[in-house]
Amino acid sequence: MSSDKLLDDKRLEILYQHYCAMVDRNKSDVRTRYRYLLYTLALLVFNLLQMLYSGDADVLVNGLLGSLANIDESKDFASIDFIATLALMLFVIRYLQIVISVERQYPHIHSLEQQLSAQFGGTVFSFEGIGYLKNYPKLLDVSHLIFTIVVPASFLAVALWRIGIQFPVNLTPDSVPRCTIIVFSTVTIVFVVLYWRFLCQSKKQDKSQQPNEPESTSETEKPLATS
C-alpha cells in the first residue's frame, strides 16, 4: 500500500472521529439545552406568580427561609422580587448561550457530513442534515416557532412587566433594590434581542449560501426541533 493511500486513510479516519465527536457533543448540548429550558420556565412561572401575588409569595418564601434557618419567620430575610429577577436573568442568559452554541455546531456538522459522503460517492452521512430535514413534519415547524418566538417573547414580557412595576423610582438609598431589578430585567431584554438578532443573521446567511448549496437546508431555521 502506497504512502499516499495510507495518508488518505489516516485523514479519513481523523475526519470520521472528529465527526463522531462533534455529533456526541451536539447531543450532549441539546440535552443540556432542554434541561436549562425547564429550569428557566420554572423560574418564569415563579416570577409571574410572585408579581401577581407578591404579598403571599413574600410570606411563603420568608417563612420557608425562617423555618430552615430556625429564625423568627416574621423577619424579612430578602427581597423576593430581587432574588427572582436575578435568578431569571442568569438562567435566561445561560439558556440562550447554550441555544446559540448548539445552533453554531450544525453548519460544521453538515460540512463534515458532506466531506465524508464525498469519500463514498453518495449521501451516506446525511442523518443530521439533509436526511433529517427531508419530509420535515409540520408539527416540528410549530415547535420551532414556539421555541424561537413564543418562549423568548415570554422572557421579554416578564422582564418588561418587572420594569413597569418598579416605576416611578426615586433616587434614594431605599430605591437601590428597585433600580437593580430594572437593571436585571434590562439585561434579560438585551439578551433576548441579541438572540433574535442572531437568528435573523443566520437566516440571511443561509439565503446567501443557497445558490451555492442548493441541496442543503440550514439547521438554524429549525433550531429547537432537532435531535
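**Notebook: an all-helix chain**

I began with the surface: the protein chain exposes about 13600 Å², and carbon and sulfur atoms supply 63% of it. Accessible areas here come from the Shrake-Rupley method with a 1.4 Å probe, and for residues only the protein chains shown count as cover.

A note on ground rules: this is a predicted model, where local features need pLDDT of at least 70 and side-chain atom pairs count only at pLDDT 80 or more, while totals for chains, interfaces and linings use all residues. Residues are numbered from 1 along each chain as its sequence is written, and side-chain values use heavy atoms, with hydrogens and water left out.

**Entry: overall layout**

I looked up the secondary structure and found 6 helices and 0 strands in the protein chain. Helices are DSSP runs of H or I with at least four residues, strands are runs of E with at least two, and both are numbered from the N terminus. I then checked burial: buried residues make up 37% of the 227 residues. Buried means under 20% relative accessible area, exposed over 50%, and partly exposed in between (1.4 Å probe, protein chains only). For contacts (heavy atoms within 4.5 Å), I took the pairs at least 6 apart in sequence, and 76% of these join residues at least 24 apart.

**Entry: the cores**

Which residues touch the most other members of the largest nonpolar core? I found Leu88, Val92, Tyr95, Leu96, Phe155 and Val192, out of 23 residues in that core. α1 (3-52), α3 (80-120), α5 (138-166) and α6 (176-209) each give two or more residues to this core, and α5 brings the largest share, with 7 residues. By a nonpolar core I mean a set of buried Ala, Val, Leu, Ile, Met, Phe, Trp, Tyr and Cys residues joined through side-chain atoms within 4.5 Å.

I followed Val192: setting aside residues up to four places away in sequence, Val192 touches Val92, Leu96, Pro152, Phe155 and Leu156. Another core, of 7 residues, lies apart from the largest one and has Tyr19, Met22, Val23 and Ile109 among its members. Tyr19 sits in helix α1 and counts as buried at 9% relative accessibility. I also noted that Tyr19 and Ile109 are 90 residues apart in sequence, yet 6.7 Å apart in space, C-alpha to C-alpha.

**Entry: one buried glutamine**

Is Gln166 buried or exposed? Gln166 is buried, with a relative accessible area of 4%, and lies in helix α5. Beyond its neighbours within four places in sequence, I listed contacts from Gln166 to Asp81, Arg178, Ile181 and Ile182.

**Entry: the salt bridge**

My search of the whole structure turned up 1 salt bridge, taking the term as a side-chain nitrogen of Lys or Arg within 4 Å of a carboxyl oxygen of Asp or Glu. Asp29 pairs with Arg25, their closest N and O atoms being 3.8 Å apart. Both belong to helix α1, 4 residues apart, about one turn of the helix. Asp29 is buried at 18% relative accessible area, whereas Arg25 is partly exposed at 46%.

**Entry: a nonpolar patch**

Back at the surface, I found that Val45, Leu49, Leu52, Tyr53, Trp161 and Ile165 form a nonpolar patch with about 580 Å² of accessible area together. Patch residues have over 30% relative accessible area and no salt bridge; like charges are joined within 9 Å, and nonpolar side chains (Val, Leu, Ile, Met, Phe, Trp, Tyr) within 5 Å. α1 and α5 each supply at least two residues, and α1 gives the most, with 3 residues.
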